[in-house]
There are 2 protein chains.
Amino acid sequence: MTQTAPSPVHPVQQRYGDPSTEVPAQWNPVLQVLHDHKSVRRYLPDPVSPETIRLLVSAAQSAASSSNLQVWSVIEVRDPARKARLAEVAGGQEHIVQAPVLLVWTADFARLRQLADDHGAPLDGADYLESSYVGFVDAALAAQNAVVAAESLGLGTVYIGALRNDPERVAAELHLPEHVFAVFGLVVGHPDPAEGTRVKPRLPQAAVLHQETYDLPGQRESVAAYEERIGEIYSEQGLPFSWTERVLARLASRASLNGRDRLRESLAARGFRLR
Amino acid sequence: MTQTAPSPVHPVQQRYGDPSTEVPAQWNPVLQVLHDHKSVRRYLPDPVSPETIRLLVSAAQSAASSSNLQVWSVIEVRDPARKARLAEVAGGQEHIVQAPVLLVWTADFARLRQLADDHGAPLDGADYLESSYVGFVDAALAAQNAVVAAESLGLGTVYIGALRNDPERVAAELHLPEHVFAVFGLVVGHPDPAEGTRVKPRLPQAAVLHQETYDLPGQRESVAAYEERIGEIYSEQGLPFSWTERVLARLASRASLNGRDRLRESLAARGFRLR
């Protein structure tokens, strides 16, 4: 990998919103793309070709897969009316309508169920909670590779976890058979440069990276430092609350999950037994 | 991104084990790294510096996080004795001992619980099944960015899902508090060039990429084509079975999950209520 000229503030410093962060000795174009990530919520009307989506999916399929089970699939949604209905499920997220493509990533045991049925073989292991996590994780590893591939091509993306607000409606919309569950959506398109958001700082590394064993009390200091760094970004965006207030509100109660408290029932309705 | 000279067989063709796959018009060093991925199971004794691990973690923290909750943490394990004990949990995977670093990625609600307790605030939303998936997915997106960063630096990795064979033992080993759950490990080190494995072909794209709505019966043809392409690799590796036989055996029964049928109980023991 060739060396890339760092900007005055190094991307690692930008990621933590902390100009005192140590600058790494190693750097390359891949690290640049990874650190530059921003979720994009305003898109230009420019198209994204089917060839480009195929390239994102071959990148996605290049990610590791647990025991090579490959228990995920992705649905490429371009129909404006269908995107508009899925945007409604997601609480009216306008960028789903605006961007040319919504990729819906699924945990998919239907392919293996069909294979088992064709061979008269049992697939009882798929009925356990463990297998649902394997499907969710496999889908996430794949989708993240697609995100990195998209950003390397100058495209923007944003994950849409809010498809889980109403999984039955998503399943009906995409004709998902039993044993296929929509984990999240991913909007893909050309970023509108007018959006102009900055890279969002994350918690200090000391809070999330532990040596040998886990340290909880030490995280208080990191969270306090983080509040100052992210506060500036939130106030630029006109968001009135602190990170602490935002995360505590998000997870305060059953009601704050926006329907996702029903996830167990939704998975059961899709044939996931979760033993 | 600059153009990279493609090898005689294009990486996309290699990924599908199919030389008739269409060569993409676009290419760059990021796509190259993504498509070149192989899980590495033999390592040189060469060290990986703490600085390099910090760089992988800043790449990991650059991945999207659901509602910016950042409900994951990672434990960097270097102690040879601890790695040996964790290798035992994973059914004796020697590469965990061989490589200098094992990163254990966790779904982490302890940080937010401490914050909620400090503020006398409720965190009832964390008690739902949905929140456990958010933790697993957040950890997976982060870890996959770390994998891509590692491979861009010439390092090798392999995911260790088998840490879920005995989550209580992993938690004791890493002093994980309640509300922190080890999702998977990730071995990081310098690949031993003597391993010499090839890129593993994946299912034809037609099986996993769907247009507008999901198609199940059409996947039979893709799986049949895949059996031929992967059969060659399996026989090179001395593995006697077809992909179909391998995946059906993996998910055949409760016993074939190697202890992961207990995942619900393990999560409950770690304080995850999964309502």
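This is a predicted model: local features need pLDDT of at least 70, side-chain atom pairs count only at pLDDT 80 or more; totals for chains, interfaces and linings use all residues.
Helix α3 of chain B covers residues 50-61, and its 12 residues should span 16 Å at 1.5 Å a residue. The end C-alpha atoms are 16 Å apart, which agrees with that expectation. α3(B) is mostly covered, with nine of its 12 residues buried. Among them are B:Thr52, B:Ile53, B:Leu55, B:Leu56 and B:Val57. The buried set also includes B:Ser58, B:Ala59, B:Ala60 and B:Gln61.

**Annotated region**

For chain A, an unreviewed UniProt entry carries the annotation "domain: Nitroreductase" over residues 37-185. Over residues 37-185, chain A is 45% helix and 17% strand. The end C-alpha atoms of this stretch are 17 Å apart.

**Core**

The largest nonpolar core has 140 residues. Which residues have the most contacts inside it? They are A:Trp105, A:Trp243, B:Trp105 and B:Trp243. In soluble globular proteins, nonpolar side chains tend to be buried together.

B:Trp243 touches residues of chain A and chain B. In chain A, its contacts are A:Asn68, A:Leu69, A:Gln70, A:Leu112 and A:Leu115. In chain B, B:Trp243 touches B:Leu203, B:Val223, B:Tyr226, B:Glu227, B:Ile230 and B:Tyr234. Residues up to four places away in sequence are not counted.

**Sheets**

One open sheet has five strands in the order β5(A)-β1(B)-β2(B)-β4(B)-β3(B), and its pairing is mixed. β5 (209-211) of chain A and β3 (156-160) of chain B stand at the edges. Each has a single partner strand, so one side of each is left without a neighbour in the sheet. Neighbouring strands of this sheet are turned by 25° against each other on average, direction ignored. Inside the sheet, β1 (residues 72-77) and β2 (residues 101-108) of chain B run antiparallel and are joined by six bridges. B:Ile75 stands opposite B:Val104 in β2(B).

Another open sheet, also with mixed pairing, has five strands in the order β3(A)-β4(A)-β2(A)-β1(A)-β5(B). Its edges are β3 (156-160) of chain A and β5 (209-211) of chain B. Each edge strand has a single partner, so one side of each lacks a neighbour in the sheet. The twist averages 25° from one strand to the next. Five bridges join β3(A) to β4 (residues 180-189) of chain A, and the two run antiparallel. A:Gly156 stands opposite A:Gly189 in β4(A).

**Loop residues**

Most residues other than glycine have a negative phi. A:Glu212 has a positive phi, near 70°. B:His179 also has a positive phi, about 75°, although it is not a glycine. B:His179 counts as buried because its relative accessibility is 16%. B:Thr21, at 18%, counts as buried too.

| Residue | Loop between | Relative accessible area |
|---|---|---|
| B:His179 | α8 (167-173) and β4 (180-189) of chain B | 16% |
| B:Thr21 | α1 (11-16) and α2 (29-35) of chain B | 18% |

Leaving aside neighbours within four places in sequence, B:Thr21 is in contact with B:Val12, B:Gln13 and B:Tyr16. B:Thr21 and B:Ile230 are 209 residues apart in sequence. In space they are 15 Å apart, C-alpha to C-alpha. B:Ile230 is also one of the residues touched by B:Trp243.

Technical notes:
Residues are numbered from 1 along each chain as its sequence is written. Chains are lettered from A and ligands numbered from 1 in the order in which they are written. Side-chain values use heavy atoms; hydrogens and water are left out. Helices (H or I, at least four residues) and strands (E, at least two) are DSSP runs, numbered from the N terminus. The expected span of a helix is 1.5 Å times one less than its number of residues. Buried means under 20% relative accessible area, exposed over 50%, partly exposed in between (1.4 Å probe, protein chains only). UniProt positions are given in the numbering used here, feature names are shortened, and annotations may be inferred rather than shown by experiment. A nonpolar core is a set of buried Ala, Val, Leu, Ile, Met, Phe, Trp, Tyr and Cys residues joined through side-chain atoms within 4.5 Å. Contact means heavy atoms within 4.5 Å. Two strands pair if DSSP finds at least two bridges between them. Axes are lines fitted to C-alpha atoms, for helices over the stretch in contact, and angles run from 0 to 180 degrees between N-to-C directions.
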